[in-house]
Amino acid sequence: PPPGPSAAWAFDDFQPGEANRVALTAALEVAEQPGRRYNPLVLIGPTGVGKTHLLHGLGHALAAASGALVACLSAQDFLDELVRAIEADRLDQWRSRYRRTTAFLLDDVQLLAGKESSQEELFHLFNLLYDAQHQLVFTLNVPPRKVEGLDDRLVSRLEGGLVAELGPPDHELRARIVTRLLGERVGERDS
């Protein structure tokens, strides 16, 4: 099977705030109606705002459906797997691994910039899964059009869905995150 979402990031642990409200709301709707609403869902924002956490959390929610097969991986892993498949003359098996998924979630798509063969494979996989109404979710550090070296056809596909930005957490959200992390390390505070 393809790699699934990491156990390190659960949907329930994602801390909501004003800076991620639109992205979280969209992810919750995708979990309820995969492949129908917000397909693709593209999460953008700088490092450290929770894109990966939300991606994997959504992957867990999608994987809970009966008959679901969710692929959730980083763009670097996607690229490395593709290279190994080409070198081992196993490209057809590699393609089959992802073409049978009911949801495909790819983190840090900007890492594919300038990598023509991986972008070509992603473009065709995108079209196949989209036509089958299978859910697609991606993360990038900037809007797709601003990624230098990203193929225009892929940019067009990514921009064809909802592009939701996650901003830096506000003071209240940071305080909740710190409180939760401290609670996990030293235990709950006495009242």
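Leaving aside neighbours within four places in sequence, which residues is Phe138 in contact with? Keep that question for the core stop below.

**Before you start**

This is a predicted model, so local features need pLDDT of at least 70, side-chain atom pairs count only at pLDDT 80 or more, and totals for chains, interfaces and linings use all residues. Residues are numbered from 1 along each chain as its sequence is written, and side-chain values use heavy atoms, with hydrogens and water left out.

**Stop 1: the sheet**

Select the strands. Helices (H or I, at least four residues) and strands (E, at least two) are DSSP runs, numbered from the N terminus. Five strands form an open sheet, in the order β2-β3-β4-β1-β5, with parallel pairing. Two strands pair if DSSP finds at least two bridges between them. β2 and β5 (162–165) stand at the edges with a single partner strand each, so one side of each has no neighbour in the sheet. From one strand to the next, the twist averages 15°.

Now zoom in on β2 and β3. Five bridges join these parallel strands. Pick Cys72: its bridge partner in β3 is Leu105. Four of the five residues of β2 are buried, so β2 is largely enclosed by the rest of the structure. Buried means under 20% relative accessible area, exposed over 50%, and partly exposed in between (1.4 Å probe, protein chains only).

Move to β1 and β4. Four bridges join them, and they run parallel. Val42 has Phe138 as its bridge partner in β4.

**Stop 2: the core**

Select Phe138. Contact means heavy atoms within 4.5 Å. Leaving aside neighbours within four places in sequence, Phe138 is in contact with Pro40, Leu41, Val42, Leu43, Leu55, Phe104, Leu106, Val109, Leu122, Phe126 and Leu158.

With Phe138, they touch the most other members of the largest nonpolar core, which has 29 residues. Elements giving two or more residues to this core include β1, β2, α3 (75–87) and α4 (91–99). A second, separate core of 21 residues includes Leu24, Val70, Val137 and Ala164. A nonpolar core is a set of buried Ala, Val, Leu, Ile, Met, Phe, Trp, Tyr and Cys residues joined through side-chain atoms within 4.5 Å.

**Stop 3: the helices**

Select residues 51–63. This is helix α2, with 13 residues. Its buried residues include Leu54, Leu55, Leu58 and Leu62. The buried residues of α2 pack against α1 (21–32), β1 (41–44), β2 (70–74), β3 (103–107) and β4 (135–140).

Next, show α3 and α4. Their axes come within 8 Å and cross at roughly 145°. Axes are lines fitted to C-alpha atoms, for helices over the stretch in contact, and angles run from 0 to 180 degrees between N-to-C directions. Phe78, Glu81, Leu82, Ala85 and Ile86 of α3 meet Leu91, Trp94, Arg97 and Tyr98 of α4.

**Stop 4: the loops**

Go to the loop between α1 and β1, where Tyr38 is found. Tyr38 has a positive phi of about 55° although it is not a glycine. At 24% relative accessibility, Tyr38 counts as partly exposed. Pro40 lies in the loop between α1 and β1. A cis peptide bond joins Asn39 and Pro40, with omega about 5°.

Last, find Asp89 in the loop between α3 and α4. Is Asp89 buried or exposed? Asp89 is exposed, at a relative accessible area of 70%. Asp89 has a positive phi of about 55° although it is not a glycine.

Key. Expected span 1.5 Å × (residues − 1).
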